[in-house]
Each structure stands twice: as C-alpha cells, then as structure tokens.
2 protein chains.
Amino acid sequence: MPTQSRRERARAERHELILRTARELAESIGWGAVTTRRLAEAIDYSQPVLYGHFENMNAIADAVAIQGIEELIDVLRHARTSTPDATAGLNALAKAYLKYASNHPAVYEAIFVRPTDLEFASTDSPLLLKTAFAEFQAAIEPFAAGEDLETLTEVLWSALHGQATLSHASRLRPELSSARADLLVKVITS
Amino acid sequence: MPTQSRRERARAERHELILRTARELAESIGWGAVTTRRLAEAIDYSQPVLYGHFENMNAIADAVAIQGIEELIDVLRHARTSTPDATAGLNALAKAYLKYASNHPAVYEAIFVRPTDLEFASTDSPLLLKTAFAEFQAAIEPFAAGEDLETLTEVLWSALHGQATLSHASRLRPELSSARADLLVKVITS
DNA sequence: CTAGATTGTCTAGCAGTGCTAGGATTCGGG
DNA sequence: CCCGAATCCTAGCACTGCTAGACAATCTAG
C-alpha cells in the first residue's frame with residue numbers, strides 16, 4: 001500500500017516544514033510575532049492545518065525547544081569530550097553553551113525562557129533536560145572537591161544561563177562574553 | 001488655586017493606583033493575564049483612562065519595573081552594609097537578591113526578563129541599573145584579587161540572575177536555593 | 001447665576017490574536 | 001464510475017491593545 005505511506009510521508013514532511021518555518025520565523029522576527037496566521041501564510045496553508053499537527057501554538061514552540069535541546073546536548077558533549085584535559089573541557093563546554101544561545105536565541109528562548117509546561121508535562125522532555133544536565137555534571141565533576149556535585153552543577157548551569165539571557169537582553173558588554181566564561185571557569189576550578 | 005492642585009493630586013493618586021493594581025495583578029495572575037480591560041476593571045475605570053497616564057501597556061510594566069529596581073537597590077544596599085565582614089556581606093547580598101526575586105517574581109520579571117526597551121530608552125533607568133550594578137560591584141570588590149572588577153561583577157550578577165530565573169521556572173531544586181547561593185559565594189571568595 | 005470653553009470619561013469600534021465549527025473539495029477503494 | 005472518507009478552507013467567536021468621537025462634568029468669565 002504505497003498510498004497510505006505516501007500520505008503519511010507527506011504529512012510528516014509538512015510536520016517538519018511547520019517546525020522549520022516556525023524556527024526560522026522566530027529567529028528572524030521573534031516568538032512574539034510568530035502568529036498562527038503568519039506561520040500558516042509562510043507554509044502556504046490555512047491556520048487550521050497547524051492544529052492538525054499540533055495542539056496549539058505553544059506546542060509548536062515546545063517542539064522547536066525539544067529539537068533545540070537535542071542539538072544542544074550534542075554540542076555540549078562534543079565540546080566537552082574533544083579537549084585534552086578536564087579544565088579545557090569545562091571551558092569548551094561553557095563557551096559552546098554561550099555560543100549556541102547566542103547563535104540561536106529564539107531556540108534558546110523556547111527551551112529555557114518561554115513560559116511552557118514542557119519540563120514536567122511532556123514525555124521525553126524531562127529525560128532530555130536530565131541528559132543536558134548530565135553533560136554539565138560530567139564536565140564539572142573533576143572540580144567538585146568535596147562539594148555536593150549536583151548543587152555545583154546547578155550553580156554552573158545557572159551562571160551560564162544568566163550570562164546567556166542577560167547578554168541577549170543587552171545587559172552585559174557583548175565583546176566580553178568570552179572573558180566572562182573564562183573567569184567563571186577559573187573561579188570554579190581554582 | 002486649590003482646584004488645579006486638587007486635580008493634580010487626584011491624578012497622581014490614580015497614577016499610583018494604576019501602578020499598584022498592575023503590580024498586584026501581575027503577582028497574582030502573571031503579566032500575560034494583565035490586560036488593559038482587566039486592569040481598567042480593577043481600578044474601576046474604562047481602558048482609555050490608562051492611556052491618559054501611560055503611553056501603552058508596556059509602559060505600565062516598565063514603570064512597575066522602575067519602582068522595583070529602586071526597591072531592589074535598597075534591599076541590596078541594606079544587606080551588604082549590615083554585616084560584620086566582606087564575605088558575610090557578599091553572602092547576604094546574594095541571599096537578598098534571590099529572596100527578592102522569589103518574593104516578587106512578577107516585578108523581577110518586569111525588570112529583567114520581560115522584553116522592554118527600558119535599558120537604553122528611558123531617562124533614569126540606565127542610572128538605576130548602574131546603581132544596582134554598583135551594589136554588586138561594591139560587594140565583590142574585596143575578592144577581585146587581580147581579576148577585572150567589572151567582568152567579575154558581571155559574572156556574579158549573571159550567576160545570581162540565572163539562579164533566580166531557573167528557580168522560578170522550576171528547573172532547580174527549590175529547597176536548595178540557599179545552598180546554591182552559599183556555594184556560589186564560596187567559589188568566588190576562595 | 002448663567003453661557004461658553006475646557007477638561008475628563010465612556011461607549012463603540014478597529015485591526016489583530018488563538019482557536020474552532022461547518023461546509024466544500026479532493027482523493028482512494030470498490 | 002461512484003460513493004465514502006480524508007483533507008482543507010472559509011467564516012466566525014471571544015479575546016487582545018489601542019483610539020476616535022460623543023457625552024458629561026467642571027471651571028472661567030461676564
């Protein structure tokens with residue numbers, strides 16, 4: 001039955017088209033301006049089509065967030081494991097995190113800033129968040145030195161998250177992003 | 001002419017009423033649900049009255065933010081200067097910051113999270129932000145130890161901001177807020 | 001004290017939002 | 001070829017921020 005599968009394939013393609021377009025729109029005009037009408041216009045369908053794929057507009061942003069966190073996990077893992085020693089690994093992880101937030105601000109916003117019931121509601125998102133958390137934990141574990149590892153990980157992640165969001169809101173001097181990451185790592189590892 | 005002054009007084013009172021009500025509403029139902037109609041209903045006037053006092057809805061949130069940052073500056077200064085030594089001062093400042101964010105999440109959101117053109121546009125808000133920044137700087141200055149003071153201040157503030165926002169978004173274990181602040185201070189001062 | 005001007009307030013309405021019900025249209029199976 | 005089913009769109013609801021214009025209250029001046 002090639003018919004059914006073709007339909008399903010077309011449907012899956014449109015599903016991805018919606019996500020890709022929503023992400024592009026958000027990155028170019030901001031989530032606040034990503035409306036159902038604009039998004040529908042961009043994919044060349046009427047608004048109700050969106051609701052055949054997602055429960056509501058928020059679910060679309062959540063789906064983008066889940067895609068994003070998967071990307072982010074890869075980025076962090078790669079940064080952490082492709083360095084000679086633990087200190088360089090932590091530094092690379094911090095830089096990679098800030099770079100991702102800076103390069104994909106709308107996706108970062110969807111993951112960590114936008115109001116969402118993603119953390120506890122969805123099925124797989126808590127696992128993804130835990131996986132991302134584990135990357136931070138693995139990177140900082142060599143420097144725990146008697147401190148509670150989980151608490152230290154929360155402190156590290158929060159510190160980077162704060163730099164990412166304040167940086168995006170133009171509250172920090174933009175040219176010193178790297179220096180802040182360096183200093184944070186230095187303070188933690190010393 | 002007592003007439004004119006009475007009018008001005010009534011107008012100023014209503015101005016404050018709007019701000020107070022907006023703040024209360026935001027703290028109880030969130031900024032997203034603070035609409036012009038609901039706010040007008042709450043102060044027992046029609047919506048257009050709001051626009052006689054503020055340019056738009058965003059300006060109301062900005063005004064709440066300015067009130068909030070003034071409060072926050074006082075809170076930080078008091079925490080910092082009412083301790084025996086510098087380490088205790090920094091710790092008290094960190095705790096006070098997180099406590100304010102936790103006790104007034106909507107105000108904190110108005111100041112630091114909500115999209116706003118407050119930082120550069122308004123006349124007095126940059127000064128207020130700088131004053132708040134100076135409080136952080138004064139608290140951490142004894143521990144700079146050769147590092148660039150301003151960069152270190154940004155790192156401290158970002159770290160606390162990250163803890164405040166992630167905490168509010170239920171991404172951190174709520175009962176360990178104090179432990180995270182302690183650990184952050186310990187890491188910085190050691 | 002009254003007439004006119006000014007100030008203040010509200011009703012009604014605009015365009016845009018998320019979301020949905022119902023009809024139209026296209027498609028696949030018999 | 002025709003009927004049922006899946007698919008899609010038009011139209012509309014209740015809401016949003018914001019504004020124009022009518023109305024009422026108040027102050028000023030004669």
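**Group meeting: the chain A and chain B contact**

Okay, so across the interface of chain A and chain B there are 12 residue pairs in polar contact, both at pLDDT 80 or more; that's a pair of N or O atoms within 3.5 Å, where within protein one must be able to donate a hydrogen and the other to accept it, and residues adjacent in sequence count only if both atoms are side-chain atoms. This is a predicted model, so local features need pLDDT of at least 70 and side-chain atom pairs 80 or more, while totals for chains, interfaces and linings use all residues. Residues are numbered from 1 along each chain as written, chains are lettered from A and ligands numbered from 1 in written order, and side-chain values use heavy atoms, without hydrogens and water.

The count of salt bridges between the two chains is 8, meaning a Lys or Arg side-chain nitrogen within 4 Å of an Asp or Glu carboxyl oxygen. One of these joins Glu154(A) and Arg180(B), at 2.5 Å, N to O. On the chain A side, α8(A) gives the most, with 13 residues.

Which helix holds Glu154(A)? That's α8 of chain A, residues 149-168; helices here are DSSP runs (H or I, at least four residues), numbered from the N terminus. Glu154(A) counts as buried because its relative accessibility is 3%, with buried being under 20% relative accessible area (1.4 Å probe, protein chains only). Leaving out residues up to four places away in sequence, Glu154(A) touches Phe133(A), Leu172(B), Arg173(B) and Arg180(B), where contact means heavy atoms within 4.5 Å.

Overall, the contact takes 36 residues from chain A and 36 residues from chain B.

Technical notes:
Helices (H or I, at least four residues) and strands (E, at least two) are DSSP runs, numbered from the N terminus. Buried means under 20% relative accessible area, exposed over 50%, partly exposed in between (1.4 Å probe, protein chains only).
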